[in-house]
Every structure is written in C-alpha cells, then in structure tokens.
Amino acid sequence: MQTILITGAGTGLGMELALAYAKQGHTLILTGRRLDPLKSVVKDIHSAGGKAFAYQMDISNLEEVKQRVGQITAQHSVDYLVNNAGTGCFGPLTELGYEQIVTAIQTNVLGTIFLTKELVPHLLEKKKPKIMNIISTAGQKGKVNESVYVASKYAVRGFTESLQKELDGKIHVIATYMGGMDTPFWDETDHIKDKSRLRSPREVAEIIVNKDEELEIQV
Ligand SMILES: NC(=O)c1ccc[n+]([C@@H]2O[C@H](COP(=O)([O-])OP(=O)(O)OC[C@H]3O[C@@H](n4cnc5c(N)ncnc54)[C@H](OP(=O)(O)O)[C@@H]3O)[C@@H](O)[C@H]2O)c1
C-alpha cells in the first residue's frame, strides 16, 4: 500500500481519485486551498474505514509549498504524487483579464512544477514511487476560446514527458488525458452550455486508478 498526496482533493476529480485510492487501501494526503472540503473527504474516507489526512496548500505559492512539503514529509512517507489541482481560463484571448491568465499559468504550470520539484527528492528514496499529472485533451490539441488553458496544459504535458525521460527507472511518471467532466471546474464560466453531457468524475477516477501502471492514460 502507498501513501498518496493528491492536490485539489476536496472536489471533482481529485476527490473521486482520493475516494477510489482509499477504497484500495492506500493512505491519502489531501491538499487544496480550502480546508473544509478536504475535511469532508477525510471524514468520508474514515467512515469507510480508510486512512486520510488534510493539509491546506496553495500550490501557486512557492513558500507555502516548501513549508507544507516539509511538514507533510516529516509526518508521512509519501510514495505517490497526483498533480490534479487546476483552474480554467476560457474565452476569446482579447477578452481575458491578465489576472485570470496569471492565475491559470501560476496554478496549472508553476504550481505543478513547484510541488513536483519539492517532492521528487523524497520520492526518490521510496521503493516504487509514482507521479501522475492530470492533463486534459486540452494538452493534446488547440481549442477555440481555450488558448491560455490549452497553453497551460501543453506545458504540463511537456513537463510530464520530459520527467518520464529524466526519471526513467527511478520514478514512474504518468500522463493522464481526459475530456470534459461534470465538476465544479465549470461553475464560474458559461464556456460549456450543457454540463449534463459531461462524464462523471467518479467514472473517470475509477478508470484511472486501475490503469496507473501505464505511462499514459487516455480516459
Ligand atoms: N472538469 C473537466 O471537464 C476537466 C477535463 C479535463 C481535465 N480537467 C482537469 O482536472 C483537474 C481537476 O479539475 P476538476 O474538474 O476536478 O475541477 P475542480 O472540482 O474545480 O477541482 C480543482 C481543484 O483544484 C484546487 N485548486 C485550484 N487552485 C488551486 C491552488 N492554487 N492550489 C491548490 N489547489 C487548487 C481546488 O480546490 P481549492 O479551491 O480549495 O484550492 C479544486 O479542489 C484539473 O487539473 C483540470 O484542469 C478537468
């Protein structure tokens, strides 16, 4: 059994991945900016007889990432990092606010890089360490009104594929691609009109957790 750190684990896909991995008997370290949703997932995992812990961590804040990784690794032996936290940025480029653009790049790209860089030295000490990066089909092809989000996910794809080579034989690095899911991700935008056509994050999570021996997962 492994100890798995998941970012953005209080809602959507991160929450479903946490519940699915906990069901398999793994210990979960749940992180996100808001503690309340994380605590509620911890409670659900405990009620089902599993083991989970919640830590507040804004991955876009380097000092906070460094401090929290120090605290988490002093208390737990993390073998598996799931970089799931992410944020959208949708609309024509000319209409996007700079603040929105910076938040998307800081969270999706820098946040993923900061946390991975801080945790890799710890993962390298483990027997069968893993990193999974939740990308998206937005990391595979350009899309209208998604230029900045797509740019952020192409960056995460490039980061992932490069680490697969750099850490080959040392850390198993997985790139995961999926299409639209019905999660709070879409709450602040009308980019997707009909959410009922989207897949459930639970269904996607259940497929992912059974395929994580692969290098690339396409759901
Ligand atoms: N929904 C889709 O259609 C879809 C499709 C393909 C890929 N994805 C990807 O799937 C991943 C999960 O998204 P989701 O659909 O499950 O949406 P979600 O429910 O909005 O989950 C995103 C999570 O990221 C956390 N988060 C956001 N900014 C953060 C930050 N700076 N630091 C730490 N945590 C942060 C949020 O929690 P806090 O606000 O508490 O921090 C939230 O729990 C994302 O990477 C997304 O790009 C989504």
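Predicted model: local features only at pLDDT ≥ 70, side-chain atom pairs only at ≥ 80, totals over all residues.
**Notebook: cavity, ligand, salt bridges**

Started with cavities and counted one of 30 Å³ or more. I took a cavity as a set of points, on a 1 Å grid over the protein atoms alone, where a 1.4 Å probe fits but cannot get out. Points are joined across faces, edges and corners, and the volume is the space filled by probe spheres set on them. The largest cavity holds about 40 Å³ of space.

Residues are numbered from 1 along each chain as its sequence is written, and side-chain values use heavy atoms, with hydrogens and water left out.

Next I looked up the lining of the largest cavity (residues with an atom within 4 Å of a point): N83, A85, G86, N108, T112, I134, K153 and V156. Helices here are DSSP runs of H or I with at least four residues, strands are E runs of at least two, and both are numbered from the N terminus. By class I get three nonpolar, four polar and one charged residues in the lining; Gly goes with the polar ones, and charged means Asp, Glu, Lys and Arg.

Then the ligand. I find 28 residues around it, with T11, N84, Y149, M181 and T183 coming nearest; a residue counts if one of its heavy atoms lies within 4 Å. The shell splits into twelve nonpolar, twelve polar and four charged residues.

I went through some polar contacts (N or O atom pairs within 3.5 Å):
- The side chain of R33 puts an N or O atom 2.8 Å from a ligand oxygen.
- A backbone N or O atom of I59 sits 3.0 Å from a ligand nitrogen.
- For G8, a backbone N or O atom is 3.4 Å from a ligand oxygen.

On its own the ligand exposes 880 Å², and the protein buries 95% of that (Shrake-Rupley areas, 1.4 Å probe). Both α1 (12-23) and α5 give two or more residues to the shell.

Last, I counted eight salt bridges, meaning a Lys or Arg side-chain nitrogen within 4 Å of an Asp or Glu carboxyl oxygen. I noted the one between D212 and K130, with closest N and O atoms 3.1 Å apart. This pair links distant parts of the chain, 82 residues apart: D212 is in the loop between α6 (201-209) and β7 (216-218), and K130 is in strand β5 (residues 130-134).

Conventions
1 Å grid on protein atoms, 1.4 Å probe; cavity = no way out; pocket = protein on both sides within 12 Å on 5 of 7 lines; lining within 4 Å. Polar contact = N/O pair within 3.5 Å; in protein donor to acceptor, adjacent residues only side chain to side chain.
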